[in-house]
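Subject: Structure handover

Hello,

Here is the structure for you to take over. Please open it alongside this email.

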Amino acid sequence: MNTPTFKARVQEILNFITEITLGTYTYTLPLRNQKDELEQIAISLNIMVEEINTVVHQINFEKSKEAIENVIINLDENLQITSFSENIRKILMYKEEHLLGKPLKLILGDRIGLNEQIEKFMTDVGQYRLPISIELKHHCGYSWSGYGYLHPLISGEQTGYCLSVFKAVYCNERLKNELKDRKEGQIRYPSEYRSLLLKDQRDLVRTLHAYIIKRLDRPLPKLSLIAREVGASVSKMTVIFKRTYEESINEYHLRKRLEKAYALIRDTSMSISEISEECGFLSLAHFSRSFKKHYSVAPSKIRAL
C-alpha cells in the first residue's frame, strides 16, 4: 500500500516512536478504526507507552513524583478560541496563530470526549459538575487525554466558556537530567545492578497484571491461590505489585472492573444490571455502592450525561 494517507500514517507513527525514545510518555497515537497492520502497530505502541511509563516512574516511585498538568482554553459563545494557557505551547506545541479565533473542534480528538457530546454538553453546562473525558490533539497529531470541566463565563451581555483539562503525569528529575545528557551527547548507561527492576520482578508484575485483566468479570480468589498460580510467595507478590501500582492487588482489580463498567455504561446500551454482572459484582446494590464511592456519582447519572 503506497497511498498518501498510508505514507502520512507511517510518518506519524515514526514521529511518535521518536517521542518515546526522547522520554515522552504522556501522549498516545489516535486510532483510525481501520483493520490494517498500521492500526495494530498503533495499538501496540499505545500499550507499550503505558507499560514504559509504569516501569520508569511507578516502579521507581521513590524518585518519581506525580504531578497534575492543567491546560486552560477560553472560548466565546460560539466556541471559538479566544485565549489559552501558556503551557499549551509546550504540551500541545501550538502557537497563537494556530489557535486564536479557531473553533474548539480543531483540537479535539476524534474518538472520545467533548467532540462527541458537544451539543448535549453545551445544553447541560452548569447543571452537572462531573468531569468529562477529553482528548486533545497535539500539533503533530498525537493525543493528549485527560478529564475536564466546561465552565460558563458571563460578563455583562457577553457569554463565554472556560475549558479546563487535567492530566496526571509523572516527573522524574534523574530521568530528565539523563535525557538532557542524551541530547547533549553525554549519555551514561546505568549498570545492571542499578536497573529499575530486576527481570524476575518485571516478569512477575507482567504475569500478575495479565492475570487480573483476564478476570474483570469475576471476583479474585484468595491471595494464596493467586500466589500459587503465578509462582511467587504472597509477601513477594503483594510487595512488588504495591510498589508498581501503588495499590493492592484487590484495589487494582476493583478499579479496573469499575473502569470497565464506566466504559460499558458510556459506550453501550447494556442495562446497569447486565453491566454489574459483566463486571463480576455479586449484586446490583454492591456494584452501585462501589461505583458511587469511586466516581462520586451513581451509574445512572453517567448514562444521563
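Below are notes on the cores, a hairpin and the helix packing.

Please keep in mind that this is a predicted model.

Nonpolar cores

The largest nonpolar core has 34 residues. Phe-16, Ile-73, Leu-75, Ile-88, Ile-107, Leu-136 and Trp-144 touch the most other members. H2 supplies the largest share, four residues.

Ile-88 deserves a look in the viewer. Leaving aside residues up to four places away in sequence, Ile-88 touches Val-71, Ile-72, Ile-73, Met-93, Tyr-94 and Leu-99.

Another core, of 16 residues, lies apart from the largest one. Its members include Ile-212, Leu-220, Val-230 and Ile-249. As background, nonpolar side chains in soluble globular proteins tend to be buried together.

The S3–S4 hairpin

S3 and S4 form a hairpin, with five residues between the two strands. Their pairing is antiparallel and runs over six bridges. Lys-137 stands opposite Ser-143 in S4. In the turn, Gly-141 has a positive phi of about 100°.

Helix packing

Two packed helices are described by the angle between their axes and the distance between the axes.

Start with H9 (residues 234–245) and H10. On the H9 side, the contact is made by Met-237, Thr-238, Phe-241, Lys-242 and Tyr-245. H10 contributes Ile-249, Glu-251 and Tyr-252. By class, that contact has five nonpolar, one polar and two charged residues. Ile-249 is also listed in the 16-residue core.

Now take H10 (residues 249–267) with H12 (residues 284–295). From H10, the contact uses Leu-254, Arg-255, Leu-258, Glu-259, Ala-261, Tyr-262 and Ile-265. From H12, it uses Phe-287, Ser-290, Phe-291, His-294 and Tyr-295. Eight of these residues are nonpolar, two are polar and two are charged.

Over to you.

Best wishes

Conventions: Residues numbered from 1 in each chain as written. Predicted model: local features only at pLDDT ≥ 70, side-chain atom pairs only at ≥ 80, totals over all residues. Heavy atoms only, no water. Contact = heavy atoms within 4.5 Å. Nonpolar A, V, L, I, M, F, W, Y, C, P; charged D, E, K, R; others polar. Core = buried A, V, L, I, M, F, W, Y, C linked by side-chain atoms within 4.5 Å. Buried < 20%, exposed > 50% of the residue type's maximum accessible area, 1.4 Å probe, protein only. Pairing = 2+ DSSP bridges.
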